[in-house]
Amino acid sequence: MAHTVRACYWALIFVIMLLLVKAEIDACKRGGVAVAPSHEIPLGSAVNISCSLKPNQGCSQHSRSNKLTLYMFDREIKSQRGHSLHSEVSGLPLGTTLFVCKLFCGSGEEIRICGAEVLVGVVPEQPQNLSCAQKGEHGTVACTWDRGRDTHLYTTYTLQLNGPKKLTWQKQCNGYDCDHLDLGINLSPESPESSYTAKVTAKNRLGNASSFPSTFTFLDIVKPLPPRDIRINFVNDSVSRCTLQWRDEGMVLLNRLRYRPNNSRTWNMVNTTNAKGRHDLLDLKPFTEYEFQVSSKLHLHKGSWSDWSESLRTQTPEEEPAGTLDVWYMKQNIDYYRQQISLFWKDLSVSEARGKILHYQVTLLEVAGEKTTLQNITEHTSWTWVVPRTQNWAAAVSAANSKGSSLPTRVNITDLCGAGLLAPGQVSANSGGVDSIIVTWEPPREAASAVREYVVEWRELHPRRSTWPPLTWLRTPPHNVSALISENIRPYLCYEVRVHALSGHRGGCSSTRGNAKHRAPLRGPYINAITEEKGSILISWDEIPAQEQMGCILHYRIYWKERNSSSQPRFCEIPYRASPNSHPLDSLQPRVRYVLWMTALTAAGESPQGNERGFCLQGKANLSTFVVPSICTAVIMLGIFSIRYFRQKVFVLLSALRPQWCSREIPDPANSTWAKKYPFVEEKMQLPLDRLLTDWPTSKEPEPLVISEVLHQVTPVFRQLLRSNWPEKGKGVQGHYTSEEDAGYSASSSPPPRALTAETGQLVDLYKVLGSRGPDSKPGNPGSPLTVLPVDYLPTQEGYLPSNIDYLPSQEVPVTEPLEELEPQHISLSVFPSSSLHPLTFSCGEKLTLDRLKMGCGSLML
């Protein structure tokens with residue numbers, strides 16, 4: 001089988017060579033190119049190039065028709081007519097140069113005849129730094145050297161090793177990059193002091209060079225294999241004592257260790273002799289990830305170090321925290337009795353934490369009695385609580401890991417800005433780059449020597465979340481008056497920066513705003529409301545979102561102009577305030593339609609305008625518009641009410657409009673003044689009861705009763721009825737009759753309604769006329785006379801009306817007028833009719849007296 005494979009291999013090589021020869025023959029079938037003195041020449045030498053045509057391979061038998069041209073790469077160097085061409089070329093560069101000869105027959109393209117390569121190189125330099133090594137006791141000998149400069153020619157390197165007992169080993173390599181060789185032999189440790197000599201020789205067609213001999217022993221060239229199985233052991237799970245262990249290859253006398261934290265580039269080196277595969281490390285940091293490597297050597301002075309072992313990466317155990325927390329706080333009054341205390345602290349560094357911090361312990365104490373009021377455990381780096389304002393408070397914060405807690409950091413809760421004399425001056429915040437701000441300030445003028453330290457705190461001015469953004473701060477010694485802040489700083493955001501000067505338990509502060517990078521806001525404020533207040537307007541707007549402010553806003557501008565006006569708008573500039581987002585404007589004219597909008601400005605420029613709002617100021621009311629008509633109205637009303645007639649009409653109107661529940665309590669008529677002072681009138685004012693009893697029907701239905709209110713003072717004459725029948729003339733409502741004379745008089749007379757004169761001469765003040773007919777009375781035959789009852793109190797909607805009789809004559813006046821003129825008088829001047837009265841029912845004897853008459857607001861009954 002092996003014989004068959006070998007035969008196929010040689011057959012393949014033969015075919016390839018045949019193809020190459022055929023290609024060469026085909027390529028140069030018309031002629032050839034010769035190079036003299038050689039195809040490989042040293043740098044700076046000249047070369048002769050000859051091109052000739054083979055017989056019968058030209059354009060024709062005449063040589064003048066053949067034009068030969070010689071090219072170096074694509075550049076023509078010589079052209080000649082005939083069957084051959086010769087040229088000497090010099091100044092060739094290092095490397096390979098290609099020459100091509102072509103034939104031109106007068107038409108068509110040039111025909112390629114043949115070509116040749118010329119190699120320009122240098123003699124090999126002497127190899128330097130020859131060294132040999134053997135990896136481990138069972139490895140092979142390999143040597144390396146420096147070739148020197150490139151020869152640009154084919155060069156061979158031969159390595160030769162001579163040993164004791166005239167032993168010789170030799171190996172050769174070819175190529176341009178030959179700088180190492182492995183002899184493939186192993187030197188035995190049985191003769192560690194035996195001497196060996198190595199030499200390397202470089203050779204090409206221009207010359208050769210050999211290195212200096214290198215002599216060595218087994219111990220000189222043997223390089224131990226790297227240690228393996230590296231591990232580390234922490235005694236009692238403590239970083240204070242740990243042991244690094246490994247396994248060496250063979251008889252190792254010397255070891256070296258190197259280790260470093262993963263985040264460091266510097267190695268810590270340790271050399272140890274006769275370590276026997278272990279070493280104790282005492283300076284490792286707790287809770288730190290380290291990288292360990294080990295190397296070994298067979299002899300203290302001879303030989304070489306082994307390669308470094310594979311890295312061992314591990315983390316050291318935790319230890320109790322060693323540092324203290326940097327604690328800061330804020331105090332804010334909620335009301336008169338309560339205050340909110342917010343504590344903030346920074347994480348310990350890795351070297352201070354010495355482990356994973358599991359939680360923080362916060363203790364709140366009363367300063368007076370050092371009494372612990374509250375203890376809390378939290379995993380966050382902030383804590384907030386509400387406490388009374390009446391006590392002085394202190395807080396202590398410590399960090400805890402799995403091994404213990406750090407020392408507590410105590411702070412006394414005081415007013416950080418309470419001491420005005422300690423307030424720093426001229427605080428400014430300017431951009432320090434894309435993600436940093438430079439804060440500068442001046443020391444307090446009157447208390448600069450009392451300052452123990454400065455604290456610079458900052459937070460995002462407009463947080464995107466509803467909660468407060470995290471507070472960041474740094475401390476600086478009292479001699480510094482500037483700080484570069486970069487933690488939690490982002491471009492195009494505005495930050496509130498505050499500088500505190502602390503002196504013991506007192507402090508003063510000053511604040512400003514700043515940004516790392518800024519540009520003009522992306523949009524203007526949105527006007528959400530415009531209200532009018534006392535002749536001016538109050539404009540309210542919504543804050544621009546923080547991500548669209550693009551830095552700290554310095555000013556707002558309110559623009560306004562008349563609607564549909566082409567004039568330039570007017571504006572007022574408002575300094576930025578955190579709140580409120582409103583501003584009064586009193587530059588508008590009343591009753592003019594305006595259009596208003598707003599913009600915002602940063603240090604980089606002005607934003608586009610916000611939304612437009614139209615508004616028309618109504619203006620203050622003109623006093624003359626109201627005062628003059630009011631005065632005229634008052635004068636007219638005063639003139640009207642100076643006339644008694646109009647006063648009386650108004651009085652009647654108001655009395656009619658008064659509700660019934662406002663009426664006074666109805667008094668007893670028996671107690672009236674008229675009944676007590678004039679008893680003799682009772683005899684003269686008898687009612688013809690006999691006639692009423694005989695003439696009225698037995699029906700229980702009473703005759704309707706008409707009551708008329710007399711408002712004006714009139715003197716109608718009532719005569720005693722001598723006839724049993726009333727005239728048809730002047731017939732009144734419901735069987736009551738009114739004379740034309742009396743009706744006309746009652747409508748036109750103007751004296752005040754205080755007295756009424758009867759036929760007998762009695763004067764009655766504001767009385768009622770009660771009229772009734774007998775049961776036989778009809779429109780055509782009035783049957784019963786009218787009975788007149790003068791009374792002291794008569795019922796109305798408002799109660800009883802007093803009579804107050806001032807004059808009563810002692811005799812009756814004789815009747816002088818005809819009977820036709822005698823009619824019942826119905827007097828009424830009110831345009832508001834009184835409520836109707838129920839009919840009068842008689843159940844008395846011969847006489848009707850006032851003590852037997854009972855009257856109410858809704859009915860009149862005997």
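Cysteine 51 and cysteine 101 are joined by a disulfide with an S to S distance of 1.8 Å, a disulfide being a pair of cysteine sulfur atoms within 2.5 Å. The model is predicted, so local features need pLDDT of at least 70 and side-chain atom pairs count only at pLDDT 80 or more, while totals for chains, interfaces and linings use all residues. Residues are numbered from 1 along each chain as its sequence is written, and side-chain values use heavy atoms, with hydrogens and water left out.

The link of cysteine 51 and cysteine 101 is left-handed, with -85° about the S-S bond. Cysteine 51 belongs to strand β3 (residues 47–53) and cysteine 101 to strand β7 (residues 95–104), so this pair ties together parts that are 50 residues apart in sequence. Helices (H or I, at least four residues) and strands (E, at least two) are DSSP runs, numbered from the N terminus.

How many disulfides does a search of the whole structure find? The search finds six. One of them joins cysteine 28 to cysteine 114, with 2.0 Å from S to S. This link is right-handed, with 60° about the S-S bond. Cysteine 28 sits in the loop between α1 (2–27) and β1 (31–36), whereas cysteine 114 is in strand β8 (residues 111–121), so the pair ties together parts that are 86 residues apart in sequence. Cysteine 28 counts as buried at 13% relative accessibility, and cysteine 114 counts as buried at 6%.

A further disulfide is formed by cysteine 132 and cysteine 143, whose sulfur atoms are 1.9 Å apart. With 100° about the S-S bond, the link of cysteine 132 and cysteine 143 is right-handed. Cysteine 132 lies in strand β9 (residues 128–135) and cysteine 143 in strand β10 (residues 141–146), eleven residues apart. Both cysteine 132 and cysteine 143 are buried.

Attention now turns to a sheet. Strands of a sheet pair through backbone hydrogen bonds, either parallel or antiparallel. In this model, an open sheet of three strands runs in the order β32-β33-β36, with antiparallel pairing; two strands pair if DSSP finds at least two bridges between them. The edge strands, each pairing on one side only, are β32 (425–433) and β36 (482–485). Strand β33 (residues 436–442) pairs with β36 in the antiparallel sense over four bridges. Within β33 and β36, isoleucine 438 stands opposite leucine 484 in β36.

Which residues make the nonpolar surface patch of about 620 Å²? Ile636, Met637, Ile640, Phe641, Ile643, Tyr645 and Phe646 do. Patches are made of residues with over 30% relative accessible area and no salt bridge, with like charges joined within 9 Å and nonpolar side chains (Val, Leu, Ile, Met, Phe, Trp, Tyr) within 5 Å. A salt bridge is a side-chain nitrogen of Lys or Arg within 4 Å of a carboxyl oxygen of Asp or Glu, and accessible areas come from the Shrake-Rupley method with a 1.4 Å probe, where for residues only the protein chains shown count as cover. The largest share of the nonpolar patch, four residues, comes from α5. Phenylalanine 646 is found in helix α6 and is partly exposed, with a relative accessible area of 39%.

Notes: Buried < 20%, exposed > 50% of the residue type's maximum accessible area, 1.4 Å probe, protein only.
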